[in-house]
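Subject: Structure for you to look at

Hello,

Here is the structure I promised to pass on. Please open it beside this email and follow along.

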Amino acid sequence: MRPRIVVSIALLILSLLGTIYAQKPFREYPGAEYENFPLPPDWRENAEFSRARLMYPSISRGWGRYQSWTIDYPRSDRHLLAGIRRLTRIHTRSVEQPVSLDDPDEVFNWPFLYGVEVGHWDLTDAQCQKLREFLLRGGFLMVDDFHGTQEWEIFMAGMSRVFPDRPVVDLDNKDPIFHVLYDLDERFQVPGAQWFETGRIYEKDGIEPRWRGIYDDKGRIMVAICHNMDLGDAWEWSDDPRYPEKWASLAYRIAVNYTIYDMTH
Amino acid sequence: MFEFLFKYPSTVFSKGQLVLLGTWPVWLLAASILVGAAVLGWLIWKRKLGTGSAGRSAVVWLLQSAFLTLLLLMLWQPALSIGTLKPQQNIVAVLVDDSRSMAIQENGSSRLEQATKTLDSGLLKALRDRFQVRLYSAGETLQRIQNTASLKAQAPATRLGDALKQVAAESASLPVGAIVLLSDGAENAGGIDLNTMSAIRQHRIPVHTIGFGLEAMSHDIELVDLQTPSKTLADSRVQAQLTLRQRGYAGQRVRVTLKDGGKPLATRDIIFKADGTEQSEAILFNAGSAGVRNLEVSIDPQKNEENVKNNRLTRVMDVDASKPRVLYVEGEPRWEYKFIHRAIDDDHSLKMATILRTTQNKIYRQGIDSPDELVQGFPTKAEELFAFQGLIIGSVEANWFTPAQQELIKEFADRRGGGVLFLGGRFGLSDGGYLQPPFTDLLPVDLPSSKNTYHAQTAAVAELTSAGRDSLITRLDDDPVKNVERWKKLPYLMNWQDPGSPKRGALVLMEASPAGSTRRVPTLITQNYGHGRTAVFATGGSWRWQMQMPLGDRSHEVFWQQMLRWLVTGSPGRVVLSTPKSLLADESRVPLRAEVRDKTYQAAGDAQVEAHIIGPDGLNEKITLQPSAQERGTFTTDWEAPKPGSYLAEVVARRGNEELGRDVITFRREDGIAENFRTEQNRELLEKLSAQTGGRYYRPNEAGRLASDVEYSDSGITVRETRDLWNMPIVFLFALMLRGSEWMLRRKWGVI
């Protein structure tokens, strides 16, 4: 065989390998609450953006069927992504991308990472290190749906291993993250679906909603922490007439702002 | 030998005109030759059996015809008409190069000693026997001297052009018949310009030159030139281009060192090419913080090197404190935007303002100078857009810009001299509708006519082309080999776009190989456009170079910072002050030139332009620049730098009370360095000077002939003489040879 043909075939194989080892294709996992949730028509679209959902080991249940990373999954993701697609010029597909920190480089293909119920996470040292690297290279982590003192401490147990040296601070109303698209000076607690049954807008001792964050050395938010609120449920139940529009609306606006903030800072 | 055969010196033949002194007309000569040749041909043809064959007959005919032609020509009395100088009525100016390079010792004596010896051992006397001789010392100025003892070889520079111009001027009132120049040809004050040459030719004064000095040294390294930009941005990677040549060290590895005021900036090991070959080497260095860089490039003296003073060169470079601004317009939130933004955030010498279309009807602005800046979106006025030096057009539809804005973008590059970079994307290039004027003019590529050229989420591996390997935009490592290796290690691009084919004159710096294809698509293409430049980076997926590379790897940041520096470097301010000589080597005249434009970058011919110059010993002077008649908006002056040292000139342009702009340059005068360079005899210059003026070049051992050659000149007081040619020995020899040849041939053929 001529050397030129050999080189061409080698290049082709390398290119194909590049595709294989490139961004992983969309894949669904069994959720804690949903199975066989319908796929939107654009699920195969080669879009610029999709929100990565952080797969993590939970403190009590391990990698079992009811893993806490799958809470609200995939209904909340798909509702939200369809909203982002409709409300902004972000080219996003309407399906999420579950991403594990154990996958060698996959997380670095998805600069926006969303972690739900992080009051139950139990990151390994390797995962902490990977998450730290991800954030310092320019990634962004939004965490949500954890409540009260105990879950905060569990979250911080993991986060302090990611960033032992960076403080968690309350976000100032003037921070661009609250103004990049919508002005979100007036924020309030967004309850989860438990409100249908309990009528309470808070869970555990998480009475006061807190918008917090961890900044990088240039004053950019790397970790956006939504504590004592359940934005995930708000996106999930936004098509349910029982769920009040004002909570759903704020949850969408926060998510849109956080997404655009990530894509601009 | 020549004179023995031809009776006269070769000068007579090169300068004289051939004439026929015979009274018979020339046509009769031609007719006689033709008739004679025909008769001979007829006679030989009739007797061809006598020679044996037609070929032999033809040879005999040719020899006999040539002999007949020679005889007939002599009957018409050929002669040379030549102008000769009248004895003792003409002046011969003898110019002796008195510069320092003439003090160089070669073969036991200096060049000047060799020159004076040549003069004093007979040449001067021979000239004085025929002409009035004026002896001059040619250094920085031309001075008349009485004898060669006055020559000292101490002038810091040679100005042969000025010296010759002065003698030519004297010839207007004096009968200067010829100039004799004794020099090593080491002219280092800008060469002999066309005006000087034409003045000498106008007076028809032949310049005879005698060259001194070795034409090639056995062991020498000479740094010929160091090209650096006169201005650059702080912390820029700068490429200095060093030209050098050497003899005696071919194949040897040496270290080139670049310093700023004694502080090392860069070193590079090079290998010398063949002896006498001019070689060019690039030296990359970081410009550092704002201020003046006194650059000095040097090579350590090597073993047996004959002249070590030409191993060092100095230049001045301004590192600009200003922060050029780039406007980036993006049509959709995307990762490329975020990571370009972050890369430029790290660059303290650049500022970037951005307009991002977040929704159909909203824009988000970053990097703005005031709350009102760009509040209405993309600028609609020239002065607003032209305040930026660079423009990036991302994934935004062409029709988002109004026709007036589109025209403004073209003018931004064309008239204002800014840089425009088009990025690939969903709404970029062909897919964004850029296949329409004025973008088709502006782009460095011919876009494909089809859409769907953008391939999202399709990996493509970027690779540098040969032009890319040399470009400062894509230089991630100063070492060219390591640079290529670093590019090979970069992860694939997240997407790619087909930009079409590069236009003629455009430079492709990078290509991409899309996944699953052996095709290579141009990815980074640049070109100069009007006063500015344009480029295409046909991807929106370079952000993976940041996210996929380990923390601390700065490839992505460096690439984008260099990309934007390329975009803005060369974008002029409204006032641009320049001088062609930032280093005055044994010179004092500084030509200053200011180009002045108004806010819309139209030439401001009605401006008042004043320069404020600060120099050594408290020099503080203000001068007014005068408008140029040829170029509107251009103001010039020539200024004399009185002393060696560093100077700073700041020019301010005003229109009434309004300040149009200001600019600063630095320059330095250094004395006593020019003569250290080009120390080999510049025979080429001396020969050219002689040839163009009707003189001759002589080696010192040939100078004995010069006095008689000088006699033949059309300048000064001359008479025309004719010199017979019929009695030249060569004529008789030629006639004998023709007849003898025929006789020998006939003997050989046995037909006598």
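Two strands pair if DSSP finds at least two bridges between them. Helices (H or I, at least four residues) and strands (E, at least two) are DSSP runs, numbered from the N terminus.

A word on the source. This is a predicted model, in which local features need pLDDT of at least 70 and side-chain atom pairs count only at pLDDT 80 or more, while totals for chains, interfaces and linings use all residues. Residues are numbered from 1 along each chain as its sequence is written, and chains are lettered from A and ligands numbered from 1 in the order in which they are written.

Chain A

Chain A has seven helices and seven strands. Along the sequence they follow the pattern α-β-α-β-β-α-β-α-β-α-β-β-α-α. The chain has 265 residues, and 49% of them count as buried. Buried means that 20 or more other C-beta atoms lie within 10 Å of the residue's own; 12 or fewer makes it exposed, anything in between partly exposed, and C-beta atoms are placed from the backbone.

Seven strands form an open sheet with mixed pairing, in the order E2-E1-E3-E4-E7-E6-E5. Strands E2 (97-100) and E5 (169-170) of chain A are at the edges. Each has a single partner strand, so one side of each lacks a neighbour in the sheet. Inside the order, E3 (residues 112-116) of chain A runs parallel to E4 (residues 140-144) of chain A, and five bridges join them. Look for Tyr114(A): Met142(A) in E4(A) stands opposite.

Where the chains meet

How many residues of chain A are in contact with chain B? There are 31, and they touch 34 residues of chain B. Contact means that the C-beta atoms of two residues, placed from the backbone, lie within 7 Å. On the chain A side, helices H1 (3-20) and H3 (125-137) are the elements that give two or more residues. H1(A) gives the largest share, seven residues. By class, the chain A side has 14 nonpolar, eleven polar and six charged residues. Here Ala, Val, Leu, Ile, Met, Phe, Trp, Tyr, Cys and Pro count as nonpolar, Asp, Glu, Lys and Arg as charged, and the others, Gly among them, as polar.

Chain B

Start with the strands. E3 (residues 91-97) of chain B pairs with E6 (residues 132-138) of chain B in the parallel sense, over seven bridges. Val94(B) stands opposite Leu135(B) in E6(B). E6(B) also pairs with E7 (residues 142-145) of chain B, in the antiparallel sense, over four bridges. There, Leu135(B) stands opposite Ile145(B) in E7(B). A hairpin of three residues joins E6(B) to E7(B).

Next, two helices. The axes of H7 (residues 160-170) and H8 (residues 194-202) of chain B come within 9 Å and cross at roughly 30°. The contact is made by Gly161(B), Leu164(B), Lys165(B) and Ala168(B) of H7(B), with Thr196(B), Ala199(B) and Ile200(B) of H8(B). Four of these residues are nonpolar, two polar and one charged.

Last, find Pro324(B). Its place is in the loop between strands E17 (312-320) and E18 (325-330) of chain B. Is Pro324(B) buried or exposed? Pro324(B) is buried, with 22 other C-beta atoms within 10 Å. Beyond its neighbours within four places in sequence, its contacts include Leu233(B), Gly390(B) and Val568(B). Gly390(B) is 66 residues away along the chain, yet the two C-alpha atoms are separated by 8.0 Å.

Best wishes

Key
Axes are lines fitted to C-alpha atoms, for helices over the stretch in contact, and angles run from 0 to 180 degrees between N-to-C directions.
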